[in-house]
Amino acid sequence: MNPAEVVRTLWERIEARDWAGFAALLAADVRLTYPVSAERFQGRDALVAINAEFPEGWSIHILRIVADGDTVVSEVSVPMGADDHRAVTFWTVRDGLVTEAVEYWTVAGGAEPAAWRAPYRI
């Protein structure tokens, strides 16, 4: 698989709760960074656990995947209850395995719009 296919398959396996299949796409020493919460994780087992232990009630919708060599950027929507969570992830894929991910999570509409931008909104 090329890097974009690896990332698409990874999200599909997370959606299917196929944790063994998800793990098969991760390097043993894969690193994950959440800059918003200032958290870092390392290792395949940690990444599988973080996803497998997330409370149920969610689905994943891939909005876009853009690839440039070993770097892949994905945007997904993760509806859960009344919230539409969004994740933008910068993936590094080498030899068919994810070696690093930097992931930014937010909730669509979860931040107050800046008043000064009001005149420019459509």
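**Close-up views of a predicted model**

α1 gives the most to the lining of the largest cavity, with 3 residues. The model is predicted: local features need pLDDT of at least 70, side-chain atom pairs count only at pLDDT 80 or more, and totals for chains, interfaces and linings use all residues. Residues are numbered from 1 along each chain as its sequence is written, and side-chain values use heavy atoms, with hydrogens and water left out.

View A. A cavity is a set of points, on a 1 Å grid over the protein atoms alone, where a 1.4 Å probe fits but cannot get out; lining residues have an atom within 4 Å of a point. Grid points are joined across faces, edges and corners, and a volume is the space filled by probe spheres set on the points. The count comes to 1 cavity of 30 Å³ or more. The volume of the largest cavity is about 90 Å³. Its lining includes Leu10, Trp11, Ile14, Phe22 and Trp91. Two or more lining residues come from each of α1, β1, α3 and β6; helices (H or I, at least four residues) and strands (E, at least two) are DSSP runs, numbered from the N terminus. The lining divides into 9 nonpolar, 1 polar and 1 charged residues, where Ala, Val, Leu, Ile, Met, Phe, Trp, Tyr, Cys and Pro count as nonpolar, Asp, Glu, Lys and Arg as charged, and the others, Gly among them, as polar.

**View B. The largest pocket.** A pocket is an open set of points with protein on both sides within 12 Å along at least five of seven lines. The largest pocket has a volume of about 350 Å³. Of its 15 lining residues, Tyr34, Ile50, Phe54, Glu103 and Trp105 are the closest to its centre. α1 (3-15), α3 (44-52) and β6 (97-107) each give two or more residues to this lining, which holds 10 nonpolar, 3 polar and 2 charged residues.

**View C. Strand β1 and its partners.** Two strands pair if DSSP finds at least two bridges between them. β1 (residues 26-34) pairs with β6 in the parallel sense over 4 bridges, and arginine 31 stands opposite glutamate 100 in β6. With β2 (residues 39-42), β1 pairs in the antiparallel sense, also over 4 bridges; leucine 32 has phenylalanine 41 of β2 as its bridge partner. β1 and β2 form a hairpin with 4 residues between them, and alanine 38 in the turn has a positive phi of about 55 degrees.
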